[in-house]
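Here is a walk through one protein model, step by step. Keep the sequence and the structure in view as you read.

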Amino acid sequence: AYFANDERFGLIFINNCHHFEEVIKTFSTCLPMTHPGTVFLIDNVFPVDAFSALRDNEEALRQRHAQGDLRKAWHGDVFKAAFVIKDLFPMWALSVIETGGNPQALVRGRRHQDRYVSRSEPRDHNTIEEAIAGEINYDELMDRKSELNFVSETTALESVRRLR
């Protein structure tokens with residue numbers, strides 16, 4: 001944010017984060033650098049299995065390898081950030097692009113002038129940790145998958161074109 005000064009960006013790619021707090025901090029920090037057509041693309045948003053959803057990479061690999069699966073995929077708990085963004089930043093629409101091998105979240109504004117305003121009703125939580133209503137684990141993620149609005153890459157790109 002410091003180096004951007006008064007710059008505004010059309011695309012903000014949040015990559016190489018594996019903990020939801022990092023994603024939320026980066027997302028929040030970048031909000032002043034947006035304009036009406038800005039979109040965020042967030043990597044690592046949907047784990048490939050329960051091991052990939054663990055916060056600790058070494059533990060994830062240890063548990064997966066103990067099951068005989070030698071894949072190294074690890075996403076961490078970034079999926080929680082999608083639920084936090086949907087809850088605390090309702091003027092931003094979130095969908096998950098499912099085309100390809102690694103789903104990414106696409107976050108685009110609904111009405112630019114309201115993007116910085118969270119919901120008007122009082123909150124019963126004071127921290128991001130409380131906002132995720134306890135620990136959302138992999139099983140709950142699978143139960144709530146439809147809330148993430150999975151779309152094809154074509155649909156996602158069309159939604160971005162409509163922002164112009």
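**A loop, a fold and some rings**

Asparagine 149 is found in the loop between helix H5 (138–143) and S5. Helices (H or I, at least four residues) and strands (E, at least two) are DSSP runs, numbered from the N terminus. Phi of asparagine 149 is near 50°, a positive value in a residue other than glycine. Most residues other than glycine have a negative phi, and most peptide bonds are trans. Asparagine 149 counts as partly exposed, because its relative accessibility is 36%. Buried means under 20% relative accessible area, exposed over 50%, and partly exposed in between, with a 1.4 Å probe and protein chains only.

A word on the source. This is a predicted model, in which local features need pLDDT of at least 70 and side-chain atom pairs count only at pLDDT 80 or more, while totals for chains, interfaces and linings use all residues. Residues are numbered from 1 along each chain as its sequence is written, and side-chain values use heavy atoms, with hydrogens and water left out.

Now step back to the whole chain. It holds six helices and five strands. From the N terminus on, the elements run β-α-β-α-α-β-β-α-α-β-α. The chain has 164 residues, and 43% of them count as buried. Contact means heavy atoms within 4.5 Å. Among contacts between residues at least 6 apart in sequence, 71% join residues at least 24 apart.

Asparagine 44 also has a positive phi, near 65°, and is a residue other than glycine. Asparagine 44 lies in the loop between S2 and H2. With a relative accessible area of 7%, asparagine 44 is buried.

Next come the aromatic rings. How many aromatic pairs does a search of the whole structure find? The search finds five. Rings of Phe, Tyr and Trp (its six-membered ring) pair if their centres lie within 6.5 Å; planes under 30 degrees apart count as stacked, over 60 as edge-to-face and the rest as tilted. One of the five joins phenylalanine 27 and tryptophan 92. The pair is edge-to-face, at 5.8 Å centre to centre, with 75° between the planes. It links distant parts of the chain: phenylalanine 27 is in helix H1 (residues 20–30) and tryptophan 92 is in strand S3 (residues 92–97), 65 residues apart. Phenylalanine 27 counts as buried, because its relative accessibility is 0%. Tryptophan 92 counts as buried too, at 2% relative accessibility.

Another pair is formed by phenylalanine 46 and phenylalanine 150. This pair is edge-to-face, at 5.1 Å centre to centre and 85° between the planes. Again, distant parts of the chain are linked: phenylalanine 46 is in the loop between strand S2 (34–42) and helix H2 (57–66), phenylalanine 150 is in strand S5 (residues 150–151), and the two are 104 residues apart. Phenylalanine 46 is buried, with a relative accessible area of 8%. The ring of phenylalanine 150 has a further partner. The charged end of lysine 145 sits over that ring, 4.9 Å from its centre. A charge sits over a ring if NZ of Lys or CZ of Arg is within 6 Å of the ring centre and within 35 degrees of the ring normal. Elsewhere, ring pairs link Phe27, Phe40, Phe89 and Trp92 into a cluster.

Phe27 also takes part in helix packing. Phe20, Val23, Ile24 and Phe27 in H1 meet Lys80, Ala81, Val84 and Ile85 in H3. The axes of H1 and helix H3 (residues 79–88) come within 8 Å and cross at roughly 40°. That makes H1 oblique to H3. Angles under 35 degrees count as roughly parallel, over 145 as roughly antiparallel, 65 to 115 as roughly perpendicular and the rest as oblique. Axes are lines fitted to C-alpha atoms, for helices over the stretch in contact, and angles run from 0 to 180 degrees between N-to-C directions.

Tryptophan 92 leads on to arginine 108. The two are 16 residues apart in sequence and 5.4 Å apart in space, C-alpha to C-alpha. Arginine 108 is in strand S4 (residues 104–109). Arginine 108 is buried, with a relative accessible area of 15%. Leaving aside neighbours within four places in sequence, arginine 108 is in contact with Thr38, Val39, Met91, Trp92, Ala93, Ser95, Ser159 and Leu163.
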